[in-house]
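Please look at the sequence and the structure shown here, and keep both at hand while reading the report that follows.

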Amino acid sequence: MYMARYIIKRLLLLLPILLGVSFIVFGIMSFTPGDPATEILGPMATKEQIAQLNEEMGMNDPFLVRYFRYVAEALTGDFGNSYRTQKPVFDEIFARFGITFRLGVMAICVAIMIGVPIGIVSAVKQYSWIDFTSTIIAMFFAAVPQFWLALMLVIFFSLQLQLLPSTFTGTITPQHFILPVLTLSLGTAASIIRLTRSNMLETIRQDYVRTARAKGASEGSIIFKHSLRNALLPVITVIGISFGYLMGGTVLVESIFGIPGLGSLTIASIRSKDIPQTTACILFLAFLNVFIMLTVDLLYAYIDPRVKARYAKGVKKRAS
Amino acid sequence: MRNQKKFFAVLFVFVMVLSLFAGCSPKTDVKDEYQTPTPALKDTIKMAVYSDFKSFDPYNSGMTLDKVVYTNIFDTLLRYYNGEFEKVLVTDYTVSEDGTVYTFKLKDNVKFHNGEKLTANDIVFSMERAKTSNQMANYTKSIAKVEAVDALTAKITLEKPYVPFLNAVASTVCIMNEKAVKAAGDQVNLKPVGTGPYTFVKWDAGAQVVLERFADYHGEKPQIKTATYVVLTNPETALIATQNKEIDLTYTIPSVAAEQIKKDGKLTLDLNPTMGSGYIVMNLEAPFINDVNFRKALAYATNREEIVAYGMDGIAEVSTHLYDEQTVGFTGEIHIPEYNVEKAKEFLAKTTYAGEVIPFKVGYENYKKIGIVYQEQLKKVGINISVELLEANTWVSDMKSGNYSMSTIVQTVDPDVALWSTILHSNAIGGYNFSRLDDEEVDTAFDTGASVLDPVQRKAAYAPIEKKLYEDVVVIPIYRRVVTACYNPSLSIERAFNNGFSAVQDMAWTK
Amino acid sequence: MQVQSPLLETRNLKKFFTTPSGRIHAVDDISLRINKGKTLGVVGESGCGKSTLGRTVLRLLEPDSGEIFFEGENILHIHKSEARKKLRDMQIIFQDPYASLNPRMTISDIILEPMKINRFLPTTKDLDDRVNELMQIVGLAPRLYNAYPHELDGGRRQRVGVARALSLTPKFIVCDEPVSALDVSIQAQILNLMMDLQDKLDLTYLFITHNLSVVKHISDEIMVMYLGQCIEWTISDELFRNPLHPYTKALLDAIPIPHLREPGFKRKSIKGELTSPIDPPPGCRFAVRCPYATEACSGKDIPLREVETNHKVACVLFDK
Amino acid sequence: MKIHNLKVVYSADGQIVHAINNISLNMKKGETLGLVGETGAGKTTLALTLLKLLPKQNGRILEGSILFQGHDLIQATEADMRLIRGSQISMIFQDPMSSLNPVLTVGEQIAEAIKLHMDLPKDQVEKRVEDMLQLVGIMASRKNDYPHQFSGGMKQRVVIAIALACEPDLLLADEPTTALDVTIQAQILDMMQELKDKIQTSILLITHDLGIVAEFCDKVAIMYAGEIVEYGTAKDIYEGTFNHPYTEGLFGSIPNIYSTTERLNPIEGLMPDPTNLPSGCKFHPRCPKCMDICQSEQPLFYRNQEHAIQCHFYAHREVREE
C-alpha cells in the first residue's frame, strides 16, 4: 500500500523531470548553429528554399513558442517526425531499442554473473592467489579503453580463431552477441568485482556475521545468507547506474560491431540537428533511467527491510 | 514458502535472460554463413557503408549513400559515365536545334517493380515531381513543359537553352511510377519502386538495406541475386569483417591500413576517384587573405603531394583543378601556381603580413590532419596558421556566415561547370559560396554559359571562371577525393561511377 | 540554598526537533541555575535530552523559546559580538575524544585553535607559552606538543579536550559525558583532574552523564531528566539518600554496586523502556512505566515543586 | 571447561600483539565466572578463542589447550567447532545494535540456530522460536519483525534468545549490557539471572563493571594485559583481606554511591602496549607496591583455597604458595 503510493509518487515525479530535460535539450538544440532546413533539403538547396522551409516549419518563431508547441503536441502523443527520415520519432526509437535492450540486459547479466561470484570469492579468500589474480584482472578491465578491448576481442576471436562473427551482419545469431556483450560487460564486471569484494569484506567483519558464526552457521550460510544480501546493496546501485548507461546504448560498441542501437541513433540525430528525434531519444533515456533507478530503489526495499520501513513512514530517502 | 518464492524469482530471471538469447536465434536453416564456404558461385553480396541511410526517395535525399542504394532501384533516362551518355531507358533521343526541346524514345519492354509497364506518362510524372522538389528545383526550373507524345515518346520543352540538361536532369531524375508513388503515400522514402535491376526488400534502420534482383529487368540480368548494404561506422571492424569474409566489400577502411592491404594482396583495394574536389577554401573578405599576393604566396607554398601523402595517408588523388576534363565546359587553360617556396616568399614580401596567426577552422578530425600538415608547409615560408577543430554544425555555420579565414573542404558538384555556380556565384554568398567570391565576370559566365550550345563557345564562356579561380587564387585545389573499395578478390567490379561507388549490376562473382 | 546570584540560569528553555513523524521534545521547559564554582550534574538515560540541553545552553543549538542568563545577562538577547565574548567564557568538553579531535592537527594546534580564532593573546610566543602551560595543567607531557591525536590513548585525548576547553580561561564548562568512553582507571584520573581544576580555577560545571556514581562523585546538585523534562532536583547526597521520584528510585536501584549483596536480594527494576519523545501528551511522561501511576498522572503537566528544603520533584505523589 | 596455558597472538602491521599470555582457568558446570578487565586486557579475545572465532587473517593460538567436556577444542576441526558453537557453547556480543542481521527477521535468526543444532520438524522449530521469545520477554507475535523495529534492550533480548536457543552448556557473555542504559541493563541482568537458574548454564560473563560481577557471579577472574592476575570467589575478591594491587586500584577508581569520598584513588599510568609488554610483572610500572623483584621476574600464583593472586607481594604472606 505504502509502496504503491511511493511508486506512484515517484512516477509522478517523472513529469517535471521529463519537462525539464525536454526544455534543456530543446534549448541546446535551438541555440547551437546549423538549421534543420539545410539538413532536410540537402547541400544543394538555395538560401531562399532554406528560409522558406524554416518558415514553414515554424523555426522562425521565438524559442518558447516553439517549445510550448512541442510540449502541447507531445501531450497528445505526437512527438513529431524525424527531420532525417520523416518517420515518427518513436518508430525509430523502438526499432533501435530492441537490440540495445537485449544487449544491455545480456551485458548486465554477464557482468553480474562474472562480477558477483568473483567478488565473493575474492573477499572470502582475501589475499589468496584467486583474490590477487582477480584484483589484477579487474583493474585491467576497469582501465582498458572499451574501444581497444573491443578491437582486441574482434581480432582474437574473429580474425585469429575464426570463432565468432565480428559484426552484426547477415542473420543475427546468438554468437553475434558474444563479443559486444563481452566488451560491454567486462568493464562493469570489473567494478562489480571490486565493489562486491570490498563490501563483502566489510560485511564479513560485521558483528552480526560474528553472531552467525557463533551460532555455528556454516561458511556457505554465512556468505550467502548473512553477508551477501547486505553486501549487495551498494552493488545494486552500481548495477542500476551501469544498466541505465547501457540502455543509452554505447556509441562506441555500436559503432565497432555495426549494431543499429539507440546510442548511434542519438548521436546521428544530434549530428544532423534532428531536433524532434534528439529530444525524443533523450527523453526516452531520461525516462528509462528514472525507471531503472526506481527499480533499484524498490530492490533496495525488497532486500533491506530498514529501507522499506523508511518508505512506509513516508520519509524521502533521496531525490532520485 | 519464502524459499520457494525466491527460487521461482531466480528461475524467472534466468528464463528471461535465456529468452533474450533465444529471441535472436535464427528460425531454422541459416547456418553461420560467415564461415561455411559456398561450393557454387556465390550470388549474394554484402557491402559495408560508413553511415546510415536517410531516405530512398530520390528527390528528398542529399546523401551520397542513399544514391548509391537507389541507383540500383531506379533507372534514369540516360547515364553519364566517362564523358559519355549511355542510353538506359531510351532507344534514342534528340535535341532541337535551339536546344530547347528534348525528345526521348522509350524502350518498349521496361517494367516497374510493381508490374506496371513504363510509358511516357511515367516520364511526365517523374519530371513534374522533380520540378516540385526543393533539391531538384535548381536544375529542373528550366523545364517549361513535359508531354507524352505517344505511349513511348516523351517530349520535354525548356524555357531557354540549358546545356547541362542531359547531365543534371536526364541522367539524374529517377523515373518513378505514379501508381507506386500514390500507393506508398507518405512513405515514398521507405518504399522505392523503380525500373532498375534490383528491387527494394527492406531497410533495417541503422543496420542494413537489402535488395533483390528484379526478375523482369529490361537489361542484362546481373549475376548477383541479393545485395545487402550493411552500416558499419567503424572502419577497423569493417575491414576486419571483410578480412573475415563476413562481408564482401567495404567502402570504408582505416586509411592507415591501405598500404598493408595492398601488400598482403588478400583483398582487392580500389581507389575510385570521385568528382569530390578537396581544396583550401579561403574567406576573401578576411584580413591578409583579401590580398591576392598573400593568396599567391599560399598557393606557391602548397605542396599537394605531401598533403595527400601525410594528411590523407595517400588515400586521394593529387589534383591541381577544382574541376577537370570530366566536367563539361572545363577549359584547362589556366593553372594554379606550382609548389615553389622561393616564389611564395617573394609574394609574401609584397604583403603587409608580419607573422600574425591565421585561424584554420575545420569541422572534422580528418580535415584537422590536413590542416596540421599544411601548417608545417606554411611555416616554411613564414605564414602561421592555427588549426582549430570545431563541432561540425558550428563549423558549417561559421563557414556560411564568413566567420572564418581559412579551411579545407570537399565539394562535390555534378559534372557540368554550370553546376559549380552553387559554390562560386555571388548569389550563393551566405550559402555554399564559402569563399564569398563576388565577381561580376564570374557571375555573368555562370548566368550565360549554361545556354551556349556549341561546346567550344561554351568553354570560352566559362573561361573567366577558371581564370579567376587560379590566377587570383580563389581556391587552392589539393586533391580529388577517392572512395576506397576493398573487397574479396573473387569479386569483379566492372566500373565505378564518378561518385566513387559502383552499381550492383556491375559486380559479379568470378570464383 | 542560593544566596548568591547564579552564574548560569535558564528559564523555561525549550528545544524541539522537527522530524517527519512529529516534533521531538528534546528539551522541554527546563529552568536551571548553577552558582559559581559549583557543579550541577544532569543525569538521565540516552535520549532524555541531556546533551541537547548542554548544547542549547552554549547556543551551539538555538533554543526554540526560553531564556539563558550568564552572569546575569540574557545571552539570547545581547548583541552578536557581545554574545561571542560571553560565549568565550563558556566551553564544552565532549564525550568522544576520538571523534572530537581533528586527526590532522597536532595537539598544540588543537589547543591553540580557539585562542587563534578569538585573537586571545597578542604574540605567537605568548600563545606558545600558554599552550605549554595548559598542557602542564592537564598533565600532558611536553613531548606530546607535536603529536597527533591518533598517537594518544583515550585518557590523554580527553586531557587534550580539557586543555582546549580551558584555553580561553572560561568560567563555565559543559562536560558532556566526558568520561563515558574511558576505562574506569582512566575515568578516575580524569575525574580527579577535573575536580582539581575546578578548585584551582574556580570553574563551574554543568556535568552531563548517565553514570550515577560519577555524577554523585563530582556534583554538588543533581538534576534528573526524563524525556526532556527535569523530574527531580536536589543536593547530591540528598538524592542518593532520599530519592523521591519513582524514576529516580528505579534508576538508583538499577545500578549494580561493587559490593556483595545480601543473599536473596531482589532488585525492584522497572518495566518497559523510554517512550517516544515525539509529541508526548501532557502529564507525567514516566507514568506508563511507573508502578505508582494513578489517573492523576495524566491529563495535565506535572510541575516541579519544592517538597522539602532544596529538594524539588515533579510527581503527584507529593501533592499535599 | 579447563583452559590451560593458553597463548594467543595477533599480528598487526608486522608487530606481534600478545593478546593472551599463559592463561589457565577452570570453570565448573552451572558456575558463573566474571571476567573483569579494562579495554585491551584480552577479555574478548579469550571469549573468541574459546569459540575459535579469532580473525583468520591475523589471530593465532600459539599454545595451550582448551578442554571442554573432555575434548580439546584447539585440536577440533572447523566442522566439529561448528557443531559445538551455538549448541554447547554460545556467545552474546557487546553491541546488540550490530549483532543482529538487519535483513533477516528475528524469528529467522533464532530459527537458524535451532535448525542448525536441533533435529526438529518445521512447526516445532517455529514453536521453539516463539517459546524462546517469550522466555526473554518478547511477544511471540513479533518474530516476523526485523531488528530495526526493536529497541536496544529488546535486541539484546533477541541476541540472548539466539544464544540460549539450543540450551548451551556454556554461555559466553561479552559485556552484554555495556551499550544499554542502566534501567534496561538491570532488566537484562535480572532476566539472565532467571534464565541461568532455569537452564543451568555455565556463564562466562565478561565485563569491566565490578558492580555487575558482584551481583551476578560466583567466581571472579581479574585480567590485566592478557593475564589473569587474580582469581577467586566473589567473596574473596569483594570482601577478602588480600587483593592484587591492580584489583585494589580498580576498586579505588569507582566512585562509591553510598559514601562520600573527596578523591578517587585511581591506578596511575596507562595499560602497557600489548606489542611491547614490560618484563617481570606486567603491572609493575603502575603498581604502588612495586618491588625490585617485580621488574625482573614474572610472579607466581599464590593461592589460598580457590583464591589465587599473581603477585610477588604475597610471596611471604599468609597466602600460601602452592
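## A strand with two partners

Which residue in S7(B) does Thr103(B) stand opposite? The residue opposite Thr103(B) in S7(B) is Lys155(B). This model is a predicted one, and every value in this report was computed from it.

Strand S7 of chain B covers residues 153–158, and it is mostly covered, with 5 of its 6 residues buried. Strand S5 of chain B, made of residues 101–106, is joined to S7(B) by 5 bridges, and the two strands run antiparallel. Strand S6 of chain B, residues 143–150, is joined to S7(B) by 6 bridges, again in an antiparallel arrangement, and a hairpin of 2 residues leads from S6(B) to S7(B). In general, the strands of a sheet pair through backbone hydrogen bonds, and the pairing can be either parallel or antiparallel.

## The nonpolar cores

The largest nonpolar core holds 141 residues, and within this core Phe165(B) and Met406(B) have the most contacts. The element that gives the most to this core is strand S17 of chain B, residues 475–487, which supplies 7 residues. Apart from this core lies another one, of 66 residues, which includes Ala107(A), Leu149(A), Val181(A) and Ile192(A).

Which residues are in contact with Met406(B), once its neighbours within four places in sequence are left aside? Among them are Ile280(B), Val281(B) and Met282(B), as well as Ile289(B) and Leu298(B). Ile358(B), Pro359(B), Phe360(B) and Lys361(B) are also in contact with Met406(B), and so are Tyr374(B), Leu378(B) and Ile385(B).

## Chain A as a whole

Chain A contains 14 helices and 0 strands, and its C-alpha trace spans about 85 × 60 × 30 Å along its principal axes. Of the 320 residues in chain A, 54% are buried. When contacts in chain A with a separation of 6 or more are considered, residues 24 or more positions apart account for 71% of them. The accessible surface of chain A comes to about 13800 Å², and carbon and sulfur atoms hold 71% of this area.

Gly187(A) and Leu159(A) are 28 residues apart along the chain, and their C-alpha atoms are separated by 23 Å.

## An enclosed helix and a surface patch

Helix H9 of chain A, residues 207–215, has 7 buried residues out of 9, so this helix is largely enclosed by the rest of the structure. The buried residues of H9(A) are Tyr208(A), Val209(A), Thr211(A), Ala212(A), Arg213(A), Ala214(A) and Lys215(A). What covers these residues includes helix H8 (174–204) and helix H10 (219–247) of chain A. The cover also includes parts of chain D, namely strand S6 (89–92), helix H3 (96–99), helix H4 (106–117) and helix H6 (152–164). After H9(A) comes Gly216(A), which has a positive phi, near 95°.

On the surface, Phe23(A), Ile24(A), Ile28(A), Leu64(A) and Phe68(A) form a nonpolar patch that has about 500 Å² of accessible area together. Helix H1 (2–31) and helix H4 (63–75) of chain A each supply at least two residues of this patch, and H1(A) gives the largest share, with 3 residues. Leu64(A) is found in helix H4 of chain A, and Leu64(A) counts as partly exposed because its relative accessibility is 44%.

## A sheet in chain D, and how the chains meet

In chain D, 4 strands form an open sheet in the order S2-S1-S4-S5, with antiparallel pairing. The edge strands are S2 (15–26) and S5 (71–72) of chain D, and each of them pairs on one side only. Strand S4 of chain D, residues 59–68, is joined to S5(D) by 2 bridges, and Leu67(D) stands opposite Asp72(D) in S5(D).

Among the 5 pairs of chains that touch, the most contacts are between chains A and B. Chain B and chain C, by contrast, are joined by no contact, and their closest C-alpha atoms lie 32 Å apart.

Terms used: Residues are numbered from 1 along each chain as its sequence is written. Chains are lettered from A and ligands numbered from 1 in the order in which they are written. This is a predicted model: local features need pLDDT of at least 70, side-chain atom pairs count only at pLDDT 80 or more; totals for chains, interfaces and linings use all residues. Side-chain values use heavy atoms; hydrogens and water are left out. A nonpolar core is a set of buried Ala, Val, Leu, Ile, Met, Phe, Trp, Tyr and Cys residues joined through side-chain atoms within 4.5 Å. Buried means under 20% relative accessible area, exposed over 50%, partly exposed in between (1.4 Å probe, protein chains only). Contact means heavy atoms within 4.5 Å. Two strands pair if DSSP finds at least two bridges between them. Patches are made of residues with over 30% relative accessible area and no salt bridge: like charges are joined within 9 Å, nonpolar side chains (Val, Leu, Ile, Met, Phe, Trp, Tyr) within 5 Å. Accessible areas come from the Shrake-Rupley method with a 1.4 Å probe; for residues, only the protein chains shown count as cover. A salt bridge is a side-chain nitrogen of Lys or Arg within 4 Å of a carboxyl oxygen of Asp or Glu.
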